[in-house]
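Hello,

Here is the structure I said I would pass on. Please open it next to this email and follow the notes below.

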Amino acid sequence: MTNSKPTSGRIVVGVDGSPCSILALKRARPIADASNWGIDAVAAWQYPSYLGAGAIGDIHPDDDARQFLHNSIEAAFGDDLPVDLEEIITRGIPSQVLIEASTEAEMLVVGSRGHGGFVGLLLGSVSSQCTEHAWCPVLVVHSRDHH
């Protein structure tokens with residue numbers, strides 16, 4: 001999805017398909033545009049911990065991550081994609097993947113609660129870990145209905 005216009009830095013956005021992560025994509029765009037930065041939309045996946053070694057079978061979390069990343073980008077931007085947008089799907093613990101990506105980023109943007117959060121929590125475990133350990137500034141995006 002890369003356009004030919006060169007950018008000077010990157011904003012990493014954690015995407016898990018939740019409304020907060022779609023909002024995080026939307027909030028990253030004006031910052032990226034104003035700063036001439038590209039956007040890395042990052043989806044991290046891992047096999048569910050409740051699965052045993054031989055129980056993987058027909059489960060394809062990488063394909064699921066690819067699909068929810070694509071759907072989230074479409075929900076955030078429609079056909080009007082940012083100039084320099086990269087889709088990145090990585091196997092790993094989401095907070096660790098995003099913290100690692102922050103080492104090369106100008107900014108990290110995450111939703112306050114993703115699909116793994118409990119109703120009522122204002123800051124999810126991934127966003128909490130990222131604000132504590134990221135190597136760049138972190139923007140935590142709250143939806144209007146997070147209370």
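This is a predicted model: local features need pLDDT of at least 70, side-chain atom pairs count only at pLDDT 80 or more; totals for chains, interfaces and linings use all residues.

Which strands pair with E4? E1 does, in the parallel sense, over 3 bridges. E5, residues 138–141, also runs parallel to E4 and is joined to it by 4 bridges. To find these pairings on screen, look for Val13, which stands opposite Val109 in E4, and for Val110, which stands opposite Val140 in E5.

**The nonpolar cores**

The largest nonpolar core has 23 residues, and those touching the most other members are Ile11, Val13, Leu25, Ala41, Ile73 and Val109. Two or more residues each come from strand E1 (9–14), helix H1 (19–35), strand E2 (37–45), helix H2 (61–77) and strand E4 (107–111). Which of these elements gives the most to the core? H1 does, with 6 residues.

Leaving aside residues up to four places away in sequence, Val13 touches Ala24, Leu25, Ala28, Ile39, Asp40, Ala41, Val42 and Val109. Another core, of 12 residues, lies apart from the largest one, and among its members are Val42, Leu98, Leu108 and Cys130.

**Salt bridges**

How many salt bridges does the structure hold? There are 5. In one of them, the side chains of Arg10 and Asp84 meet at 2.7 Å, N to O. Arg10 is in strand E1 and Asp84 is in the loop between H2 and strand E3 (85–91), so this pair ties together parts that are 74 residues apart in sequence.

Are the two partners buried or exposed? Arg10 counts as buried because its relative accessibility is 17%, and Asp84 is buried too, with a relative accessible area of 10%. Arg10 and Asp84 are also linked with Asp40 in a network of salt bridges.

Arg29 has two salt-bridge partners to look at, Asp33 and Asp80. With Asp33, the closest N and O atoms are 3.6 Å apart. Arg29 and Asp33 both lie in helix H1, 4 residues apart, which is about one turn of the helix. With Asp80, the side chains meet at 3.6 Å, N to O. Here Arg29 is in helix H1 and Asp80 is in the loop between H2 and E3, so the pair ties together parts that are 51 residues apart in sequence.

The three residues fall into separate classes of burial: Arg29 counts as buried at 16% relative accessibility, Asp33 is partly exposed with a relative accessible area of 46%, and Asp80 is exposed with 51%.

**Ser127**

The last item is Ser127, in helix H4 (residues 125–133). Ser127 counts as buried because its relative accessibility is 2%. What does Ser127 touch? Not counting residues up to four places away in sequence, the list is Val110, Gly111, Ser112 and Val140. A polar atom of the Ser127 side chain lies 3.2 Å from the backbone oxygen of Ser112.

Regards

Definitions and conventions
Residues are numbered from 1 along each chain as its sequence is written. Side-chain values use heavy atoms; hydrogens and water are left out. Buried means under 20% relative accessible area, exposed over 50%, partly exposed in between (1.4 Å probe, protein chains only). A polar contact is a pair of N or O atoms within 3.5 Å; within protein, one must be able to donate a hydrogen and the other to accept it, and residues adjacent in sequence count only if both atoms are side-chain atoms. Contact means heavy atoms within 4.5 Å. A nonpolar core is a set of buried Ala, Val, Leu, Ile, Met, Phe, Trp, Tyr and Cys residues joined through side-chain atoms within 4.5 Å. A salt bridge is a side-chain nitrogen of Lys or Arg within 4 Å of a carboxyl oxygen of Asp or Glu. Two strands pair if DSSP finds at least two bridges between them.
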